[in-house]
Structure formats: C-alpha cells, structure tokens
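I opened a new structure today and kept notes as I went. Here is what I looked up, in the order I looked.

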Amino acid sequence: MSARRSLVWLGLTPEPEQELPAAVAALRSPAAGRPPSALVAAERHRVERLVLRGTQRGWLRYLREVTDLVVRAAGTRNTDPKAALLAGEVVLDHHRMLIGLPGAGYDRTALQRHELEQALARLRERPEPALVGPSEPWSTI
C-alpha cells in the first residue's frame, strides 16, 4: 500500500459493506426471490477486496454500478423493489456524506445522487403486491 494513498473515505460508514452484498446480489440475480448464496458470497468478497485493497475512486466506480442497478430496477415492474430500495438508500446516504471529506468525491457523485433520488421515489410509489386469491368471499349463485 502506498504511503500517499488516502484512506479517509474508509471512515464514512460501515453500512455499504454490511448491507450492499446481499442487496446487490439480489439485483444481479436472474431469478426473483432470494439470491443464490454463491452470488452473495462473491459480492461480499468483491466489497471486501475494494475496502481492503482498493481506492476511493475504485469504490465510487463500484457504487456507480450499484446506482445503475437501482435505476434499472426502478424502471421495470419485474423486480421486487425491496433490494433496490435498500441498495439505493445505502448508496444515497453514502454519497451525501461525501460532502464532509476532502476531495471531489461529493461533486463527482452529484448525478448519481439525483438519479438515486428519482429512482427511490419511483420505487416507493409502487403499489404493494396484490394478495393472491379473491378479494371478496365467494358468493353462491
């Protein structure tokens, strides 16, 4: 590790490291429902590698990918919004906290913050899934 490498970005918040692997795996998963454990493990390993050996620039590139997944999920009705909401809120909170760090990270993520705010609004507007079965008791004819 270079002595000149800035590590200040690592002190922001642990939520992305804790929350994103499972949520991102669900967004990347081709099937609805719980993502395969191998996909969650791969995502967790990727995040761990970025945090332990990466740079702020690499971390922000990863969060750009997550933003793209959230925006894509907000544009389709085929996905369960829970994972997208979680991932979007975590990344948006992270990007808002960048304002307190030196450097241009906050300015670099301005477009992502805007995209996430719009995507989260669309996801929150989605109606709850309908209950399976009739909404009224069967009537006798």
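**Entry 1: overall fold.** I note at the start that this is a predicted model. I counted the secondary structure and got six helices and zero strands. Read from the N terminus, the order of elements is α-α-α-α-α-α. I then checked burial. Of the 141 residues in the protein, 37% are buried. I also looked at how far apart in sequence the contacting residues lie. Among contacts with a separation of 6 or more, 69% join residues 24 or more positions apart.

**Entry 2: H1 against H2.** I reminded myself that two packed helices are described by the angle between their axes and the distance between the axes. H1 covers residues 15-28 and H2 covers residues 37-53. Their axes come within 8 Å and cross at roughly 135°. That makes H1 oblique to H2, because an angle has to be over 145 degrees to count as roughly antiparallel. The crossing of H1 over H2 is right-handed.

I listed who meets whom. From H1 I wrote down Glu 17, Gln 18, Pro 21, Ala 22, Val 24, Ala 25 and Arg 28. On the H2 side they meet Leu 39, Val 40, Glu 43, Arg 44, Arg 46, Val 47 and Val 51. Sorted by class, this contact between H1 and H2 holds eight nonpolar, one polar and five charged residues.

**Entry 3: H4 against H6.** I turned to a second pair. The axes of H4 and H6 are 9 Å apart, and the packing angle is about 150°. H4 is therefore roughly antiparallel to H6. H4 passes H6 in a left-handed crossing.

H4 brings Pro 81, Ala 84, Leu 85, Gly 88, Glu 89, Val 91, Leu 92, His 95 and Arg 96 to the contact. H6 brings Gln 112, Arg 113, Leu 116, Glu 117, Leu 120, Leu 123 and Arg 124. By class, I have eight nonpolar, three polar and five charged residues for H4 with H6.

**Entry 4: the core.** Which residues have the most contacts inside the largest nonpolar core? I found Leu 20, Leu 27, Tyr 62, Val 66 and Val 70. The core has 29 residues. The largest share, nine residues, comes from H3. In soluble globular proteins, nonpolar side chains tend to be buried together.

I followed Leu 20 further. Leaving out neighbours within four places in sequence, Leu 20 is in contact with Glu 15, Ala 25, Tyr 62, Leu 63, Val 66, Ala 87, Val 90 and Val 91.

**Entry 5: two single residues.** Is Ser 29 buried or exposed? Ser 29 counts as buried, because its relative accessibility is 12% and the cut-off is under 20%. I placed Ser 29 in the loop between H1 and H2. Setting aside residues up to four places away in sequence, Ser 29 touches Pro 35, Pro 36 and Leu 39.

Arg 72 sits in helix H3. Its relative accessible area is 56%, so Arg 72 is exposed. I also checked Arg 72 against Ala 84. They are twelve residues apart in sequence, and their C-alpha atoms are 9.1 Å apart in space. Ala 84 is already in my notes, as one of the H4 residues in the contact with H6.

Technical notes. Residues numbered from 1 in each chain as written. Predicted model: local features only at pLDDT ≥ 70, side-chain atom pairs only at ≥ 80, totals over all residues. Heavy atoms only, no water. Axes fitted to C-alpha atoms, helices over the stretch in contact; angles between N-to-C directions. Helix = DSSP H or I, 4+ residues; strand = E, 2+ residues; numbered from the N terminus. Parallel < 35°, antiparallel > 145°, perpendicular 65-115°, else oblique. Left-handed = near helix turned anticlockwise from the far one by under 90°. Contact = heavy atoms within 4.5 Å. Nonpolar A, V, L, I, M, F, W, Y, C, P; charged D, E, K, R; others polar. Core = buried A, V, L, I, M, F, W, Y, C linked by side-chain atoms within 4.5 Å. Buried < 20%, exposed > 50% of the residue type's maximum accessible area, 1.4 Å probe, protein only.
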